[in-house]
Amino acid sequence: MAVIKPVTDEHHVPRSVTVLGSTGSVGCNTIDLIRRSPDRFQVDTLSGNSNVELLAKQAVDVGAAIAVVADENLYQDLKDALSGTGVEAAAGRNALVEAAMRPTDWVMAAIVGAAGLAPTLEAVRRGATVGLANKECLVSAGEFFCREVAGAEARLIPVDSEHSAIYQVFDFERPERVEKIVLTASGGPFRERALDTLTTVTPAEAVAHPNWSMGAKISVDSATMMNKGLELIEAFHLFPVTGDQIDILVHPQSVIHSMVEYVDASVLAQLGTPDMRTPIAFALAWPDRMEAPSPRLKLEDIRTLTFEAPDPQRFPALRLAREALEIGGSAPTVLNAANEVAVNAFLQEKLSFLDIARIVEETMDRMPRRNLASLDDVFSVDEEARRLATESTASTGR
Ligand code: NAD
Ligand code: MG
């Protein structure tokens with residue numbers, strides 16, 4: 001079920017805003033844009049996981065009403081940091097979910113991983129416009145998430161640069177005229193590295209993305225290309241296309257952010273420099289547009305854009321994600337949960353780089369497809385997949 005609604009002109013100025021995950025990479029870029037256009041936005045709620053100092057600073061800078069730290073042990077620290085500022089402090093997972101219920105117009109969903117699912121769902125359920133960066137919640141709970149979006153008449157505006165690009169050039173009024181969509185991928189830092197040296201990749205090497213500056217988890221996902229696999233599933237849920245209509249193309253310069261090909265062979269694309277403030281600004285201002293300070297595209301300086309098919313041997317994660325989408329049911333939930341566990345273990349130097357895809361595959365094999373009848377089923381499959389992936393990780397070691 002695709003969940004994009006046609007454009008209408010409903011929006012308030014200033015727009016009241018919640019930023020879930022404000023202390024992360026997407027979150028900080030969102031705050032940066034909001035601070036550059038203070039008349040457009042009134043920030044109500046910010047949240048972070050543990051960086052109390054940054055969270056408190058952001059809350060004071062933008063004049064937020066409440067700041068929530070997900071780690072409940074940090075309540076007193078946040079309260080102290082906000083003392084005398086007039087910003088309310090809250091902590092814990094329940095407080096985070098409650099904060100997402102506060103009646104703002106617009107919510108940035110920028111928590112990383114399935115941890116973002118519960119608060120993002122609350123924002124959806126109250127019919128908010130949601131800037132969706134947190135792709136893992138769509139991968140993990142796609143069908144249910146989309147049902148909630150449709151039921152609450154909430155609106156999702158994709159923040160992921162590829163999906164923002166497609167959103168900007170997709171003809172939602174005539175979806176049957178779309179032949180396919182093409183997700184572009186940079187190919188990450190190891191596109192050309194000798195295959196037999198990939199076992200020794202360090203976390204520092206994996207997070208050093210050639211084009212984009214992002215959080216650690218998505219940077220590792222880009223290096224394995226699981227990120228593009230997750231984006232394949234994300235695109236399937238966001239747009240009215242089948243899995244077979246979604247192609248993946250490696251484009252190392254990250255200038256063309258994705259494309260839509262029509263039945264008459266026209267291909268429409270959105271281009272820009274690789275700066276997340278462009279797709280974030282698109283979502284923040286939608287259906288208007290706002291100024292973003294992203295560097296301007298100078299094609300005369302770039303001169304050459306190149307393209308290649310992804311190498312299936314180098315990037316097994318792409319095959320696993322495609323399989324999960326085809327199998328359906330619980331398979332994407334398992335793929336996502338096992339990947340989160342494996343990436344985390346890799347970042348803690350408990351797993352080698354090549355073992356990430358192996359752990360995901362093993363966990364998928366150990367958990368045959370189940371039908372998911374409810375969100376509780378999603379949570380229980382997620383939990384079981386994490387348990388099995390953690391077990392495999394422990395028995396692999398480094
Ligand atoms: P990040 O790691 O930099 O930030 C994640 C945010 O989530 C932080 O505010 C962190 O405090 C919070 N968080 C982490 N664990 C949490 C938990 N258990 N409970 C509550 N909050 C928690 O990540 P990021 O790079 O900003 O990515 C955020 C999301 O956006 C991811 O889903 C990612 O795939 C997606 N995304 C990011 C980019 C990018 O440029 N960084 C681009 C496209 C999509
Ligand atoms: Mg992306």
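Buried means that a residue has under 20% relative accessible area, exposed means over 50%, and partly exposed lies in between, with a 1.4 Å probe and protein chains only. The model shown is predicted, so local features need pLDDT of at least 70 and side-chain atom pairs count only at pLDDT 80 or more, while totals for chains, interfaces and linings use all residues. Residues are numbered from 1 along each chain as its sequence is written, chains are lettered from A and ligands numbered from 1 in the order in which they are written, and side-chain values use heavy atoms, with hydrogens and water left out.

**Figure 1**
The protein chain contains 16 helices and eleven strands, where helices (H or I, at least four residues) and strands (E, at least two) are DSSP runs numbered from the N terminus. Its radius of gyration is 20 Å, close to the 21 Å that the globule rule gives for 398 residues, so the chain is as compact as a globular protein of that length; this radius is taken over C-alpha atoms, and the rule is 2.2 Å times the number of residues to the power 0.38. Along its principal axes the C-alpha trace spans about 55 × 55 × 45 Å, and buried residues make up 56% of the 398 residues. The chain is divided into domain 1 (15-134) and domain 2 (164-396), with bounds that come from an automatic or database domain assignment. To the contact between them, domain 1 gives 22 residues and domain 2 gives 27 residues, contact meaning heavy atoms within 4.5 Å. The C-alpha centres of domain 1 and domain 2 are 25 Å apart.

**Figure 1. The magnesium ion (ligand 2) and its protein donors.**
Asp160 (OD), Glu162 (OE) and Glu231 (OE) are the protein donors, and they lie 2.1 to 2.2 Å from the ion. Donors are N, O and S atoms within 2.8 Å of the metal (3.2 Å for Na, K and Ca), and sites may look incomplete because water is not among the atoms. Read along the sequence, the donor residues follow the spacing D-x1-E-x68-E. Asp160 counts as buried because its relative accessibility is 7%, and Glu162 is likewise buried, with a relative accessible area of 7%.

When its neighbours within four places in sequence are left aside, Lys228 is in contact with Glu162, Leu183, Thr184, Ala185, Ile248 and Leu318.

**Figure 2. Helix α15 and the helices that cover it.**
Helix α15 (residues 355-366) has twelve residues that should span 16 Å, in agreement with the 16 Å between its end C-alpha atoms. Its buried residues are Asp355, Ile356, Ala357, Ile359, Val360, Thr363 and Met364. What covers these buried residues includes α9 (216-224), α10 (226-238), α13 (316-327), α14 (331-347) and α16 (375-396).

**Figure 3. The loop between β10 and β11.**
Val263 has its place in the loop between β10 (256-262) and β11 (267-271), where it is partly exposed, with a relative accessible area of 48%. Not counting residues up to four places away in sequence, Val263 touches Glu176, Arg177 and Glu179. Ala265 is found in the loop between β10 and β11, and is exposed, with a relative accessible area of 55%. Most residues other than glycine have a negative phi, and most peptide bonds are trans. Phi of Ala265, however, is near 80 degrees, a positive value.

**Figure 4. Backbone angles in two further loops.**
Glu153, in the loop between α6 (135-152) and β7 (155-158), has a positive phi of about 50 degrees although it is not a glycine. At 59% relative accessibility, Glu153 counts as exposed. The peptide bond from Trp286 to Pro287 is cis, with omega near 5 degrees, and Pro287 is found in the loop between α11 (277-285) and α12 (299-302).

Notes
Expected span 1.5 Å × (residues − 1).
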